[in-house]
Every structure is written in structure tokens, then in C-alpha cells.
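Me: I would like to go through this model with you. Could you take my questions one at a time?

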Amino acid sequence: MTDDVDIASITVDRASHVEITFTDDKVCRYDLAELRAICPCAACRNARDHGKVAWPPAGRPPPELAIADAHLVGAYGLGVTWSDGHSTGIYPFTSLRRWCDAGRPSEWVD
């Protein structure tokens with residue numbers, strides 16, 4: 001697969017999942033907890049690089065999670081504002097496709 005991916009549609013269910021249909025008819029569904037836990041922003045990556053869990057907050061049960069807002073970042077990716085206020089991660093479409101094709105890796109796939 002090349003680094004170019006074309007998106008046919010994106011469905012955001014603010015309470016449960018994001019579903020992306022690629023132009024080759026591949027449909028990939030991402031659970032909100034999976035997306036939030038693997039946020040690609042610098043702060044979350046840094047936490048994971050240092051052996052910490054970026055989300056959910058340590059020592060507390062995970063808060064109820066929802067998407068407050070979602071928007072396209074050019075043709076590059078999906079920006080998400082989470083119900084916990086976190087909003088700095090951009091989920092690149094190429095990475096989301098690789099993640100789907102790989103069957104949910106334990107770390108972000110660049």
C-alpha cells in the first residue's frame with residue numbers, strides 16, 4: 001500500500017466509534033477508547049515513550065468518553081476534540097489505514 005489513501009466517507013458516532021470507508025471499499029471502525037488511548041499528539045506519545053499510559057488517567061477509572069468535535073485536517077487526517085478536553089492529536093489517514101490493516105497494533109503506526 002502506498003502512503004496515499006483516499007477517503008470515501010467518515011462517520012463519527014460521538015458516543016462509540018469512528019468509521020472510515022476508503023475509496024477501495026475497505027471499511028475500518030475505530031472504538032473511541034482505542035483512539036483516545038493511542039492519541040498521536042506529542043504529549044501522549046511522550047508519555048507512552050516513557051512507559052506511561054497516556055489515557056485513561058492513572059489511578060482513576062476511565063471517565064466517560066465521547067467526541068465533542070471532529071474535523072478534517074486538510075486531506076491529511078482527522079482532528080478530534082475529546083470530552084475530556086484533549087484536542088491536540090491529529091489522526092493521519094495513512095496511519096489509520098495501516099492500523100486497520102494490521103488489526104489494531106498496540107502502538108501508533110506511523
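Reply: What follows is a discussion of the sheets, a helix, a few single residues and the cysteines of this predicted model.

Me: Which strands form the open sheet that includes β1, and in what order?

Reply: Three strands make up that open sheet, in the order β1-β2-β3, and their pairing is antiparallel. The edges are taken by β1 (7–13) and β3 (27–31); each has a single partner strand, so one side of each has no neighbour in the sheet. From one strand to the next, the twist averages 15 degrees.

Me: How many bridges hold β2 and β3 together?

Reply: Strand β2, residues 17–22, pairs with β3 over five bridges in the antiparallel sense. As one instance, Ile20 has Cys28 in β3 as its bridge partner.

Me: And the loop between those two strands: which residue has a positive phi there?

Reply: Asp25 lies in the loop between β2 and β3. Its phi is near 75 degrees, a positive value in a residue other than glycine.

Me: Is Asp25 buried or exposed?

Reply: Asp25 has a relative accessible area of 63%, which is over the 50% cut-off, so Asp25 is exposed.

Me: Turning to the sheet with β4, what is its strand order?

Reply: It is an open sheet of three strands in the order β4-β5-β6, with antiparallel pairing. Its edge strands, β4 (67–73) and β6 (90–92), each pair on one side only. Here the twist averages 25 degrees from one strand to the next.

Me: How many bridges join β4 to β5?

Reply: Six bridges join β4 to strand β5, residues 77–82, and the two run antiparallel. Within this pairing, Asp69 stands opposite Thr81 in β5.

Me: Where does α3 lie relative to β1, β2 and β3?

Reply: Helix α3, residues 93–102, lies across β1, β2 and β3 and runs at about 95 degrees to β3. α3 also lies across β4, β5 and β6, where it runs at about 65 degrees to β6.

Me: What does Ile90 touch, leaving aside residues up to four places away in sequence?

Reply: With those set aside, Ile90 touches Pro40, Val73, Tyr76, Gly77 and Leu78. Ile90 itself is placed in strand β6, and it is partly exposed, at a relative accessible area of 33%. The C-alpha atoms of Ile90 and Thr11 are separated by 16 Å, the two residues being 79 residues apart along the chain.

Me: On to the cysteines. How many disulfides does a search of the whole structure find?

Reply: The search finds one disulfide. Cys28 and Cys100 form it, with their sulfur atoms 2.3 Å apart. The pair links distant parts of the chain, 72 residues apart: Cys28 belongs to strand β3 and Cys100 to helix α3.

Me: What is the handedness of that disulfide, and why?

Reply: The torsion about the S-S bond of Cys28 and Cys100 is about -90 degrees, so the disulfide is left-handed.

Me: Are Cys28 and Cys100 buried or exposed?

Reply: Cys28 counts as buried at 0% relative accessibility, and Cys100 counts as buried at 14%.

Me: What about Cys44?

Reply: The sulfur of Cys44 has its closest cysteine sulfur in Cys41, at 3.6 Å, too far for a bond. Cys44 counts as buried, at 4% relative accessibility.

Terms used
Residues are numbered from 1 along each chain as its sequence is written. This is a predicted model: local features need pLDDT of at least 70, side-chain atom pairs count only at pLDDT 80 or more; totals for chains, interfaces and linings use all residues. Side-chain values use heavy atoms; hydrogens and water are left out. Two strands pair if DSSP finds at least two bridges between them. Helices (H or I, at least four residues) and strands (E, at least two) are DSSP runs, numbered from the N terminus. Axes are lines fitted to C-alpha atoms, for helices over the stretch in contact, and angles run from 0 to 180 degrees between N-to-C directions. Contact means heavy atoms within 4.5 Å. Buried means under 20% relative accessible area, exposed over 50%, partly exposed in between (1.4 Å probe, protein chains only). A disulfide is a pair of cysteine sulfur atoms within 2.5 Å.
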